[in-house]
Amino acid sequence: MYLAKVVGNVVSTKKKEELTGYKLMIVTIVGSDDEKWEKRIVAVDLVGAGRDEYVLVSCGSSARAALKHPESPIDAAIVGIIDSFAE
Amino acid sequence: MYLAKVVGNVVSTKKKEELTGYKLMIVTIVGSDDEKWEKRIVAVDLVGAGRDEYVLVSCGSSARAALKHPESPIDAAIVGIIDSFAE
Amino acid sequence: MYLAKVVGNVVSTKKKEELTGYKLMIVTIVGSDDEKWEKRIVAVDLVGAGRDEYVLVSCGSSARAALKHPESPIDAAIVGIIDSFAE
Amino acid sequence: MYLAKVVGNVVSTKKKEELTGYKLMIVTIVGSDDEKWEKRIVAVDLVGAGRDEYVLVSCGSSARAALKHPESPIDAAIVGIIDSFAE
Amino acid sequence: MYLAKVVGNVVSTKKKEELTGYKLMIVTIVGSDDEKWEKRIVAVDLVGAGRDEYVLVSCGSSARAALKHPESPIDAAIVGIIDSFAE
């Protein structure tokens with residue numbers, strides 16, 4: 001999973017119906033010393049994450065498995081909110 | 001999903017038949033401060049996106065799920081047009 | 001799909017039998033202002049592409065779908081020859 | 001698989017239930033001359049790996065196969081501890 | 001597939017049982033003018049590749065297909081030894 005930070009959200013009216021009902025969060029993938037690694041993706045939120053929270057993001061078919069919806073067009077999902085990380 | 005911008009389109013006559021009937025759009029993946037992140041892909045358009053619009057792009061098997069065509073050779077699809085994004 | 005350019009080919013005698021019979025083309029992924037993005041992959045050719053032609057390359061399980069061979073070890077396939085691209 | 005180094009762990013209380021019971025390890029992907037390649041991911045530990053150990057990390061649907069749990073939202077798993085690597 | 005070069009191997013005693021019996025080779029992905037592209041992965045060898053040989057590496061679910069073992073945790077496999085490549 002990616003270690004990521006929620007930095008915003010996206011509003012999209014014209015979209016595939018299977019995306020309806022999900023919050024679409026913009027996250028950046030956290031680099032080594034917490035500088036953003038510049039990779040940005042949009043993930044659906046499955047655990048109630050909020051702005052500036054650090055989260056776990058699952059991608060690809062594992063994101064669809066998280067949704068329990070094998071026919072979903074979604075390829076990234078927030079699957080956990082991080083309390084702390086120790087390095 | 002990728003946050004991306006439609007920058008053009010591709011015309012291809014000699015192609016796998018399953019690609020027929022789709023608009024083939026060139027998109028760039030949006031970087032952090034909106035400079036292009038230089039990653040460019042071609043995605044089929046499923047929601048009527050136009051040039052210069054910001055879109056959501058789903059990749060891999062999730063793109064095939066969006067097409068409802070598990071045997072498709074397509075690995076990237078535009079699945080939403082972005083009204084706004086707040087960071 | 002990747003927007004790519006055919007730059008050469010590979011000859012491999014000792015290989016998994018499922019690769020037999022396919023032309024193995026070296027392609028580079030096209031960057032923004034047509035400078036190579038330095039990412040190089042080998043894709044099987046499914047549409048008769050030739051050297052220096054611009055092509056569409058599908059990757060991962062979508063490449064296997066293009067082959068109509070779900071048990072294939074192939075993970076990249078040329079699925080279209082590009083007539084033109086407008087940006 | 002990635003050649004990676006365990007550099008820490010993550011604690012997450014609010015998460016998808018399928019993540020419960022797994023140690024969530026932060027790993028960095030080892031670059032060429034052992035300097036970190038700055039790519040960091042979180043992988044579940046399946047072999048009892050500890051901090052500073054070099055490990056093999058499997059990603060995507062192969063990580064779910066390692067868990068023997070096709071419906072898992074997990075997309076990265078530590079599948080081996082490295083005794084030595086010779087280059 | 002990646003165009004890669006075998007640069008070493010890995011020894012791992014504590015690993016998922018499905019990895020047992022395979023040679024675990026370290027490969028680097030070949031960049032444009034043969035300088036290493038710094039991306040290193042570990043792939044199981046399916047064709048008897050040796051050190052310093054150039055090889056074709058298949059990743060993700062295609063690697064599992066090469067093994068004919070859909071439940072394998074392996075996500076990268078050497079599927080061909082390269083006799084020559086012309087650019």
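A polar contact is a pair of N or O atoms within 3.5 Å; within protein, one of the two must be able to donate a hydrogen and the other to accept it, and residues adjacent in sequence count only if both atoms are side-chain atoms. With that in hand, let's look at this predicted model.

First, some ground rules. Residues are numbered from 1 along each chain as its sequence is written, while chains are lettered from A and ligands numbered from 1 in the order in which they are written. Local features need pLDDT of at least 70, side-chain atom pairs count only at pLDDT 80 or more, and totals for chains, interfaces and linings use all residues, with side-chain values using heavy atoms and leaving out hydrogens and water.

For the complex, the predictor gives an ipTM of 0.91 and a pTM of 0.92. Residue by residue, there is pLDDT, the predictor's confidence in each residue, from 0 to 100. Chain A has a mean pLDDT of 90, with 91% of its residues at 70 or more. Helices (H or I, at least four residues) and strands (E, at least two) are DSSP runs, numbered from the N terminus. (Contact means heavy atoms within 4.5 Å.) Where pLDDT is low, the predicted coordinates should not be read in detail.

**Two interfaces, side by side**

A salt bridge is a side-chain nitrogen of Lys or Arg within 4 Å of a carboxyl oxygen of Asp or Glu.

| Interface | Buried area | Share on carbon and sulfur |
|---|---|---|
| Chain E and chain D | about 2400 Å² | 50% |
| Chain D and chain A | about 2400 Å² | 50% |

**Chain E meets chain D**

Here 31 residues of chain E are in contact with 28 residues of chain D. The rule finds 17 residue pairs in polar contact across this interface, both residues at pLDDT 80 or more. Strands S1 (2–11), S2 (24–30) and S3 (36–45) and helix H1 (61–67) of chain E each supply at least two residues of the side that touches chain D. S3(E) gives the most to that side, with six residues. By class, the side of chain E that touches chain D has 13 nonpolar, seven polar and 11 charged residues. (Ala, Val, Leu, Ile, Met, Phe, Trp, Tyr, Cys and Pro count as nonpolar, Asp, Glu, Lys and Arg as charged, and the others, Gly among them, as polar.)

How many salt bridges are there between chain E and chain D? The count is one: the side chains of Glu18(E) and Lys68(D) meet at 2.4 Å, N to O.

The chains also pair strands, which takes at least two bridges found by DSSP. Strand S6 (residues 84–86) of chain D runs antiparallel to S1(E), and three bridges join them. In S1(E), Val10(E) is the bridge partner of Phe85(D).

**Chain D meets chain A**

On to the next interface, where 31 residues of chain D are in contact with 28 residues of chain A. In chain D, Lys14(D), Lys16(D) and Arg40(D) lose the most area to chain A, together 25% of what that side buries.

The rule finds one salt bridge across this interface, with the side chains of Glu18(D) and Lys68(A) meeting at 2.3 Å, N to O. Over all chains, the structure holds 10 salt bridges. Glu18(D) lies in the loop between S1 and S2 of chain D and Lys68(A) in the loop between helix H1 (61–67) and S5 of chain A, so the pair joins two chains.

Strand pairing turns up here too: strand S6 (residues 84–86) of chain A and S1(D) run antiparallel and are joined by three bridges. Ala86(A) stands opposite Asn9(D) in S1(D).

No contact joins chain B and chain D, and their closest C-alpha atoms lie 11 Å apart. Chain B and chain E have no contact either, with their closest C-alpha atoms 11 Å apart.

How values were computed
Buried area is the accessible area (1.4 Å probe) that two parts lose on being put together, summed over both.
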